[in-house]
Amino acid sequence: MSLPKEKVVLTQEEETLLIPLYAKAVGSRGPSPIFDDAKAQEILSRVEYDFARLNVPRKTAITLCLRAAKLDAYTNEFLAQNAGGLVIHLACGLDSRCVRVRHEGAEWVDLDLPKVIELRRKFYPEGPGYRLIASSVTDHAWMDSVPATGRRVLIVAEGLLMYLSETEVRALVLRLQECYPGCELVCDVFSELTARRIAAHPSLQKTGAVVQWGIDEARDIERWGQGIQLREEWFFSQSEAVSKLGLGYRLAFQLAGLFAAANKAHRIVRLVLAPAR
């Protein structure tokens with residue numbers, strides 16, 4: 001007996017969460033998938049929504065799968081080194097990282113806007129070590145309800161920061177540093193050129209979401225406050241999963257790796273927010 005379909009009632013901006021969901025489900029299909037996300041496929045089959053209207057290009061779907069795989073790897077590494085740590089996934093949408101990454105003994109918090117969390121609860125019930133918080137990321141009051149209590153902390157921001165203004169991004173980073181001194185922040189960022197041009201992307205045109213922020217030199221983030229350290233800048237051309245792609249896509253990613261502007265168009269940065277001296 002099939003489960004009933006869940007109707008999606010979101011604002012246009014909130015509908016952006018459906019883009020990575022669709023991408024991860026598509027990327028998990030076929031004899032040689034580039035990503036393994038059975039939960040995304042399950043949710044896709046249970047959501048009443050015309051995903052074709054999102055018009056997600058194949059290259060975008062690939063990129064979002066590569067992004068998710070790298071953020072999963074960072075999370076696995078963190079938990080391997082910090083048993084009993086705290087993972088906070090900002091703007092989690094319907095992502096299944098809490099299922100894909102084993103986190104026994106750790107605390108995991110998924111946070112998103114109230115309507116998104118209301119929908120998410122239908123697929124991800126809370127339980128021991130797993131919490132859902134309904135809040136805007138820019139309303140920093142949510143941090144008061146998630147104390148570190150001596151644990152190491154990892155903050156994951158996937159497909160989020162580019163939709164905030166630079167002022168909002170800076171304020172969020174500094175507040176995270178204050179509340180979780182010594183935490184790690186892993187997030188994807190656009191270049192300034194990408195942030196300006198991405199409005200023409202067919203999927204964003206369908207949802208009406210607005211990209212506000214991009215950064216060319218990730219090390220500039222260190223200047224926002226003492227103690228902020230850029231640990232790594234990772235490019236999609238470095239992904240091992242590129243070898244699984246068709247020749248055309250392999251060549252496209254390899255070619256992008258030869259040019260700084262193309263490499264930096266969309267990448268992942270890993271920051272340590274050490275206590276300010």
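Reply: Happy to! The largest nonpolar core has 52 residues, and Leu18, Leu21, Phe51 and Leu94 touch the most other members. A nonpolar core here is a set of buried Ala, Val, Leu, Ile, Met, Phe, Trp, Tyr and Cys residues joined through side-chain atoms within 4.5 Å. Buried means under 20% relative accessible area, with exposed over 50% and partly exposed in between (1.4 Å probe, protein chains only).

Please keep in mind that this is a predicted model, in which local features need pLDDT of at least 70 and side-chain atom pairs count only at pLDDT 80 or more, while totals for chains, interfaces and linings use all residues. Residues are numbered from 1 along each chain as its sequence is written, and side-chain values use heavy atoms, leaving out hydrogens and water.

Two or more residues of this core come from each of helices H1 (18-27), H2 (38-46), H3 (58-81) and H5 (114-120) and strands S5 (130-134) and S6 (153-157). These are DSSP runs numbered from the N terminus: helices are H or I with at least four residues, strands E with at least two. H3 gives the largest share, 10 residues.

Now zoom in on Phe51. Setting aside residues up to four places away in sequence, Phe51 touches Leu18, Leu21, Tyr22 and Leu44, where contact means heavy atoms within 4.5 Å. As for H1, 9 of its 10 residues are buried, among them Leu18, Leu21 and Val26.

There is also a second, separate core of 36 residues, including Leu86, Met143, Leu172 and Val189.
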